[in-house]
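Hello,

Here is the structure for you to look over. My notes on it follow below.

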Amino acid sequence: MKSFLEKIKPFAYIIVLYLLVSFVMRIIFMLHPITTSTFSAGSVVKMITIGLISDVFTILLASSILAIYLIFIANVKYKKPYGGIILGIFILILLYIQFYPNNIFAQYGGVLPEIALAFFGFKAFCFALLLFFPKYRIQLRNILYFITLAIYVFAIVMNAVSEYFFWNEFGIRYNFIAVDYLIYTNEVIGNIMESYPVVPLFSAVFVVVLALTTFLFIKTKSILKTIPTLLEKAALLIVYLLLALVGMWSLPRLDTISAENTFAQEIQSNGVYKFYYAFTHSELDFFQFYPTLPEKEAESIVLKQLNAPALERQIVGDTTEVHRNVLLISIESLSAEYLTMYGNTDNRTPFLDSLANNSLFFTNLYATGNRTVRGLEALTLCIPPTPGESVVKRKDNKDKFTTGSVFKSKGYDVKYLYGGDSYFDNMKDFFGGNGYDIIDNKNFTPEEVTFSNIWGVCDEDMANKAIKVMNEQAKAGKPFFNHWMTVSNHRPFTYPEGKIDIPPTEKSRAGGVKYTDYALKQFFEMAKQQKWYKNTIFVIVADHCASSAGSTELPLDGYRIPCFIVADFITPKKIDVMMSQIDVMPTVFGLLNFNYTSKFIGQDVLKEGYQPRAYIATYQDLGYLTPDKLTIISPLRKTTQYSLHKEAEQPSQEYPLFYEQVKENNLNKEQADACIGTYQATAEWLKNKQYNAVKK
């Protein structure tokens, strides 16, 4: 027994370290300011217990590399002729990667060939040292073992640090956003470098990792003195494989155990498993995971909402069609709560506040999701969000029926304006594949850039560029439609000095919002001096809110956003009807009295007969909102419903804040069917390519 315990020492210490760190992180998440929920004693015990079991299985699976490393520690492989044969194999692998252009790693592309070359090169180098310098084999093994432990300790510590900052930003464990962050390393690493005190942070991490690794090494290095026999290794391997299989079976089931609320659900989950799940589930098959209706019934629900016989239908304007210019400005993370109209008192958006009485102001609008790509999807495709990844990020994202294609059919010049690199979030592929000309940071001359951070040029620089672009478009004699996506209201919240009364050194969300507001004011002052101004409609809307964390799956205050339509020829008015982000552009087409063939699910909310509703979602929870109810469908064919109650002292229009969950046997069937039917029909039509461009 003592011999067995001696041999599993490295696993035991690594597992205990991971469990302790994970436990501490759960306590931190419970007490974090963003966790706006209280937990019962039973809920806390449940979170800790389920979390502990999940953590055990996760670290067991993650220990596979350590298991392989320890299994291959042996002296026999260095004896003749095995040593020479193994080293020769390593050399052949290196030659294969380096000189065979169509090698298996190159076929996957990216940096994988370089990673493979570095890995096998390091392995060959270490093996050669152990082979040719047997006198120093013990010292070399100690060094390699120390490095192996350091990698594990570093991964555990850095995962905790990463999870903290992710929770600090989003109030959840890892999800699709974290996967995106792994893919877009340039922007993300740059964002971290500009947002946080990186040198002190990583210095502290280095000290902690070094201390913990040294401790583990001293406690466990004795295993290198007596190498287990082949039989002992086989026995240990069988035990490990059995535990790993149990872990692989258990983790998905543990992750689906329901909790007291959304925060509790996230806290009891394991972040590493959540990342793995997000990485492998970029698209969720609606028909496999969600409740469904008969196909025709689902379609009829949507068509009834649209008051149309089929998805592809003719929209006829009330009067003569007009071809005015349109500029759609989608603002990064502009939560409704930042505006005075919605109760803010820190004068964060003076310019946007001034538009409340000088525009069509839509006060009760809800974003479809919590990512920029969801906002772009809603404003461009005008369809409800689909489970999994946004259409913007999918492979089949080209040649769609879009707001841009409608404008193009009317002879408009159509552009997408972005101050950063449009490669990020697949914007270049999506907009370029749907007929938009793209203006991004690569189109700027050095003289046009006064300030930039990792996300791109500041909003003022983009505003100046937009004026130049639209002046050129106006000279060409064609009407234009441009979609401008802002970038400055994003962490690290840096911007030029001396523009607003919040110094950029604070790197605060309030500063990011106020600077974007300032840049928009500068833009409009310049635009008013241009000849095309009086013939242009300006649409200002957020892409999503700054945060969607909450104690329910879809907290409504995490989705409410403002929208203004500004033009000299439009009579200012507040529109208090509940609406969705997908309705913005169909409403603009209505103001232009466009006659066009439509495939949008979004509607003109100013048309008679419009029924208030909105669509809000995460990547897996899909919500259907009406003034009195919120219905949510989730994987495992789950349907949840809430009754909504207005806050008596809240002056804003129909702003439901209080939730009361409806018992499962008392769900409003009509409301539930409307939710299921809309998302089901959307998924079916998208799958069957019915949202592709209208054939001429």
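Subject of these notes: local geometry and packing

Asn 347 has a relative accessible area of 42%, so Asn 347 counts as partly exposed. Please keep in mind that the model is predicted. Asn 347 sits in the loop that runs between β2 (325-331) and α17 (350-355). Its phi is near 55°, which is a positive value in a residue other than glycine.

Asn 426 is another non-glycine residue with a positive phi, here about 65°. The loop between β4 (413-418) and α20 (427-432) holds Asn 426. With a relative accessible area of 18%, Asn 426 is buried, because the cut-off for buried is under 20%. As background, most residues other than glycine have a negative phi, and most peptide bonds are trans.

Cis peptide bonds

The bond from Lys 80 to Pro 81 is cis, with omega near 0°. Pro 81 is in the loop between α4 and α5 (82-99). A cis peptide bond also joins Arg 491 and Pro 492, where omega is about 25°. Pro 492 belongs to the loop between β8 (480-485) and α22 (509-527).

Helix pairs

Two packed helices are described by the angle between their axes and the distance between the axes.

Helix α7 (residues 112-132) packs against helix α8 (residues 137-170) at an angle of about 155°, and the axes are 9 Å apart. That angle makes α7 roughly antiparallel to α8, because angles over 145 degrees count as such. The crossing of α7 and α8 is left-handed. On the α7 side, the residues in contact are Phe 122, Cys 126, Leu 129, Leu 130 and Leu 131. They meet Arg 137, Leu 140, Arg 141 and Leu 144 of α8. Sorted by class, the contact of α7 with α8 has seven nonpolar, no polar and two charged residues.

For helix α2 (residues 9-31) and helix α4 (residues 64-71), the axes come within 11 Å and cross at roughly 160°. The two helices, α2 and α4, are therefore roughly antiparallel to each other. Is the crossing of α2 and α4 left-handed or right-handed? The crossing of α2 and α4 is right-handed. Pro 10, Phe 11 and Ile 14 of α2 make the contact with Leu 66, Ala 67 and Leu 70 of α4. The contact of α2 with α4 has six nonpolar, no polar and no charged residues.

His 32 is placed in the loop between α2 and α3 (41-62). A relative accessible area of 8% means that His 32 is buried. Which residues does His 32 touch, not counting residues up to four places away in sequence? His 32 touches Tyr 164, Trp 167 and Asn 168. The side chains of His 32 and Asn 168 are joined by a polar contact of 3.0 Å. His 32 and Trp 167 are 135 residues apart in sequence, and their C-alpha atoms are 8.7 Å apart in space.

Glu 460 is part of helix α21 (residues 459-475). Its relative accessibility is 12%, so Glu 460 counts as buried. The side chain of Glu 460 makes a polar contact of 2.8 Å with the side chain of Tyr 515. A polar contact of 3.5 Å links the side chains of Glu 460 and Lys 499. Leaving out residues up to four places away in sequence, Glu 460 touches Pro 496, Lys 499, Tyr 515, Tyr 518, Ala 519 and Gln 522.

Regards

Note on methods
Residues numbered from 1 in each chain as written. Predicted model: local features only at pLDDT ≥ 70, side-chain atom pairs only at ≥ 80, totals over all residues. Heavy atoms only, no water. Axes fitted to C-alpha atoms, helices over the stretch in contact; angles between N-to-C directions. Helix = DSSP H or I, 4+ residues; strand = E, 2+ residues; numbered from the N terminus. Parallel < 35°, antiparallel > 145°, perpendicular 65-115°, else oblique. Left-handed = near helix turned anticlockwise from the far one by under 90°. Contact = heavy atoms within 4.5 Å. Nonpolar A, V, L, I, M, F, W, Y, C, P; charged D, E, K, R; others polar. Buried < 20%, exposed > 50% of the residue type's maximum accessible area, 1.4 Å probe, protein only. Polar contact = N/O pair within 3.5 Å; in protein donor to acceptor, adjacent residues only side chain to side chain.
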